[in-house]
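My entries follow in the order in which I looked.

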Amino acid sequence: MADVLFEPLKFRNLEIRNRLIRSNMSGRFDNYDGSGTQARINWETRFARGGVGAIISSFVPVHVRGRILPNYAMIDSDDKIPFWREVGERVREHGCKFILQLSHGGRQRDIAGIEVPEGWSSTAKPDPLHGFRAKAMSKIEIEEVVRQFGQAAVRAREAGVDGVELHGANGYLITQFLSSGINDRSDEYGGSLENRARFVIEIVRSIRARCGVDFHLQMKISATENNNAMSIGEPRGNTIQDSVRVCQWLEAEGVDAIHVSGGSSFPHPRNPAGDLPIDDFIRVYDSMISSGDHTFRNFLLLRNDITGTLFRERWLKERGDVIEGLNLADSEAIRKAVSIPVICTGGFQTASVIREAIRQGRCHAVSMARPLIANPDMPKMFEQGMDRPPVPCTYCNKCLVNVVENPLGCYDETRFTTREAMIADILSVFHPPAFP
Ligand SMILES: Cc1cc2nc3c(=O)[nH]c(=O)nc-3n(C[C@H](O)[C@H](O)[C@H](O)COP(=O)(O)O)c2cc1C
Ligand code: SF4
């Protein structure tokens, strides 16, 4: 009998070879000015070679104001088109499609860099955890950012990539408008769900008007926000019922697929769901001290044994016990309410779990990030009949926290024979070098 994992998936404007998608992963591989590097190409081709049907890119800012960390390749100007063309072509050599994530951080960032001191947002409230400052956008500024998303989509199309994804999840700018926990505006972009969705709908219209209806466009959404997970007194934000409505509106506007995530911030106890590796976290958090009004306080609290432990315990409690497939209930609710394909992210690395989720109609495909860092060849392992990689991802989240300072890779020493082997694996992304 044919294995559902390896059945092609048809979107309106795109077909991929299987149901296993590489989820978005950033990493500070590029140049400070947002131009791309060979390391980014090496990184993306690694997963294409491993057998995924499509790769959804890193966080690609549509403007320097929307950047969350320096050294992420951007798509803010036409001179970035050749780089993305090269990435798409190199990925496609392995039969894999490439979808570029159009992104804007708004008030949520890690290290802003020298160009932009303050994030634009739906609100002037700083983010509650780190205290990143924000400016509530004027209507002219909203129009400007809507236009920037449209222009970036045109560049992506010009680069020949297979589609774009709107980063509408995890607390970045689109979430800052959508969220009832964050958006406190009193104009037509705030208040009711319909008003809060106006920003993203205008972005979709801007993209469709410039790129036509035959270019793949999907949206990543935080279906349930749990905005009060780590910040006492904050409202809980959008519920799955709110997100179902938003997805129906997006479908009506011509969006081709929904990518289901969770959490009103990044990171969030439920995304990426796993441990909070305190020691690694403290080692890198110092580089964020000047970024937010609460970051120095947080650094001291994390370093203290008692408060650091309490923070981690709360984090784990808010995460819950399930990691693999933790967004499936939300994905299923959206799947039942729309007729476009639904991709679910969150912890997937067991073939039988993924197969069952697809067979039961809870999603059409899954996306994977950390499990593929740990085992880039996982689709090939599944194809050979393995249910789980022999050395799976432990969800320790050390890759996540290290990304602020160090190259993206697997930092769980227990998965390697020696520390040297781990470091060699991390640094392998720089091979082949740009100038051999
Ligand atoms: C290091 C790292 C970087 C990530 N960067 C992004 C990103 O740029 N955009 C995004 O939408 N999600 C990002 N994510 C979230 C993943 O795409 C994914 O949805 C999440 O980690 C859950 O999947 P997983 O359990 O398979 O890791 C990132 C996750 C990790 C671990
Ligand atoms: S560091 Fe490695 S094992 Fe830990 S979550 Fe990341 S990929 Fe998985």
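This is a predicted model: local features need pLDDT of at least 70, side-chain atom pairs count only at pLDDT 80 or more; totals for chains, interfaces and linings use all residues.

**Shell of ligand 2**

I began with ligand 2, which has 15 residues around it, the closest being Cys393, Cys396, Cys399, Cys410 and Asp412. Residues are numbered from 1 along each chain as its sequence is written, while chains are lettered from A and ligands numbered from 1 in the order in which they are written.

By class I find eight nonpolar, three polar and four charged residues around ligand 2. Ala, Val, Leu, Ile, Met, Phe, Trp, Tyr, Cys and Pro count as nonpolar, Asp, Glu, Lys and Arg as charged, and the others, Gly among them, as polar. Helices H13 (370–374) and H15 (398–402) each supply at least two shell residues; H13 gives the largest share, three. Helices (H or I, at least four residues) and strands (E, at least two) are DSSP runs, numbered from the N terminus.

**Shell of ligand 1**

I count 26 residues around ligand 1, with Ser23, Asn24, Phe59, Pro272 and Ala369 the closest. This shell divides into twelve nonpolar, twelve polar and two charged residues.

**Helix H12**

Which residues of H12 are buried? I find Ala351, Ile354 and Ala357 in this helix of residues 351–359. They line one face of the helix, because they fall within an arc of 130° seen down its axis; the arc is that of the directions from the helix axis to the C-beta atoms. On the other side, Ser352 and Arg359 are exposed. Buried means 20 or more other C-beta atoms within 10 Å of the residue's own, exposed 12 or fewer, and partly exposed in between, with C-beta atoms placed from the backbone.

The buried residues of H12 pack against helices H11 (328–337) and H14 (378–383) and strands S11 (342–345) and S12 (365–368). Contact here means C-beta atoms, placed from the backbone, within 7 Å. Just after H12, I note a positive phi of about 75° at glycine 361.

**Whole chain**

I list 16 helices and twelve strands. Buried residues are 51% of the 436.

Terms used:
Two residues are in contact if their C-beta atoms, placed from the backbone, lie within 7 Å. A residue is near a molecule or strand if its C-beta atom, placed from the backbone, lies within 6 Å of it.
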